[in-house]
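Here is a short report on a protein and its ligand. Please look over the sequence and the structure before reading on.

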Amino acid sequence: MSVMQNVKDVLLRKFKEKFAMDAAIVAYAPGRVEILGNHTDYNEGYTLSSAINFGTYFAVSPREDNEAHLIAGDVMQEVVFDPASPEPSQDRVWSNYVKGVLAGLNEKKKATHGFNAMFLGDLPLGAGLSSSAALEVSSGLAFAKLYDIDVSKMELARIGQRAEHEFAGVKCGLLDQVSSLFGQKDHLVWSDFRTYEINPVQINPDVCFLMCDTKVKHALVDGEYNERRRHCEEAAAYFASTLDRPIKALRDVTWEDWLEHHQKMDDLTARRAAHPIGENERVISGIEMLRNNDMEGFGRLMFESHESSRVNFENSCPELDTLVAGAQAVPGVLGARLSGGGFGGSAVVLAWRRDVETVSTTLRNIYANKYGERCDTRILVCSDGARVMPGQAVPAG
Ligand code: GLA
């Protein structure tokens with residue numbers, strides 16, 4: 001039995017014990033790993049990412065009254081609220097992702113009855129693998145089925161994003177939700193956040209991704225993220241006022257533009273802008289390399305991406321830098337970088353599949369030598385996106 005199947009069975013058992021009924025609907029959403037294109041999504045740029053083999057199951061059954069009972073299945077904490085008008089919670093902040101999604105779905109069709117719901121997953125929290133997006137997407141799919149709401153994948157991604165903005169206070173882009181929804185086995189997800197075109201790109205089966213979780217979560221991460229976004233917007237406004245063509249977002253600024261103008265900008269804004277501009281170009285080169293099966297070249301782009309995070313965007317941290325610098329000298333490693341928002345969380349390492357076990361052990365040792373404790377490592381598998389699980393009949397009520 002697979003580990004995920006086990007998580008689902010545990011959830012269904014806990015659900016029945018707690019609510020004295022079976023779950024009518026179960027949805028599953030994977031976490032994601034970002035491979036290239038850091039902080040490009042809200043700059044209308046490109047990303048390469050993947051849905052992964054860890055995620056969240058969300059189980060729900062209708063109630064006859066108007067109460068929503070929502071339980072976090074790992075800690076068995078419960079919140080009760082009115083599903084027709086969910087409000088952000090100050091103390092049980094985990095519930096805000098679900099409440100925010102419900103608020104978005106209510107705009108399409110108001111919740112007409114209550115529900116019992118519980119969720120459980122195997123994504124490490126705060127590891128930069130988008131456990132919050134997995135919760136938004138799995139709950140969104142389950143509620144859409146429960147209330148018979150017709151919602152497209154892209155609409156659901158936006159609803160999840162709004163939950164982050166309005167219920168959790170993070171001004172994120174759409175990368176996490178899109179990756180969780182559009183993932184495809186053995187492929188990376190190439191997203192264009194201007195046109196919203198999403199395309200699968202095949203990846204050589206002889207390589208694989210390893211995530212190394214530093215378990216570091218620096219304080220004020222959300223504030224840092226929002227600040228980086230603001231700097232990017234300021235930089236885009238500068239280029240819009242200087243270049244004689246329309247500039248809507250940093251997506252429209254090329255590396256040549258940056259080279260020509262950066263000395264006239266204040267140093268901080270210039271460095272912040274360099275990161276998404278360079279990342280966009282790295283995604284485009286990376287796709288070409290994947291198509292030509294140039295995995296060494298692709299790995300080098302990952303190292304360059306990390307260096308730009310470290311120097312320009314300053315969204316790395318010493319623990320991530322230790323892993324990425326260490327990885328450069330480990331045989332079998334092709335590339336490594338931070339993945340996701342940054343300021344802690346995980347590094348993603350690209351390695352030849354035949355070497356991945358030794359790469360994993362070596363990196364854990366490198367980390368332990370410096371910090372006295374090993375980092376967590378997991379082999380990632382590029383996986384299919386979110387779905388409602390078959391076989392759960394919706395009972396009348
Ligand atoms: C977080 C956000 C995403 C994206 C990445 C950085 O994961 O939720 O929208 O901006 O950071 O690329």
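## Ligand between two domains

This model is predicted. Domain 1 (3–201 + 383–390) and domain 2 (204–380) each contribute residues to the shell around the ligand, so the ligand lies between them.

The ligand is surrounded by 13 residues. Glu 34, His 39, Asp 41, Asp 176 and Tyr 225 are the closest. By class, the shell holds three nonpolar, six polar and four charged residues.

## Contacts with ligand oxygen

Which residues place a polar side-chain atom or a backbone N or O atom by a ligand oxygen? Asp 176 is one of them: a polar atom of its side chain lies 2.6 Å from an oxygen atom of the ligand. In Tyr 225, a side-chain N or O atom is 2.5 Å from a ligand oxygen atom. Gly 341 uses its backbone instead, with an N or O atom 3.1 Å from an oxygen atom of the ligand.

How much of the ligand does the protein bury? Taken alone, the ligand exposes 310 Å². The protein buries 93% of that area.

Strand β1 covers residues 25–36. Twelve of its twelve residues are buried, so the strand is largely enclosed by the rest of the structure.

β1 pairs with strand β2 (residues 46–62). The pairing is antiparallel and runs over ten bridges. Within it, Pro 30 has Gly 55 of β2 as its bridge partner.

β1 also pairs with strand β12 (residues 387–388). This pairing is antiparallel too, over two bridges. Here Tyr 28 is bridged to Arg 387 of β12.

Note on methods. Residues are numbered from 1 along each chain as its sequence is written. This is a predicted model: local features need pLDDT of at least 70, side-chain atom pairs count only at pLDDT 80 or more; totals for chains, interfaces and linings use all residues. Side-chain values use heavy atoms; hydrogens and water are left out. Buried means under 20% relative accessible area, exposed over 50%, partly exposed in between (1.4 Å probe, protein chains only). Helices (H or I, at least four residues) and strands (E, at least two) are DSSP runs, numbered from the N terminus. Two strands pair if DSSP finds at least two bridges between them. A residue is near a molecule or strand if one of its heavy atoms lies within 4 Å of it. A polar contact is a pair of N or O atoms within 3.5 Å; within protein, one must be able to donate a hydrogen and the other to accept it, and residues adjacent in sequence count only if both atoms are side-chain atoms. Accessible areas come from the Shrake-Rupley method with a 1.4 Å probe; for residues, only the protein chains shown count as cover. Ala, Val, Leu, Ile, Met, Phe, Trp, Tyr, Cys and Pro count as nonpolar, Asp, Glu, Lys and Arg as charged, and the others, Gly among them, as polar. Domain bounds come from an automatic or database domain assignment.
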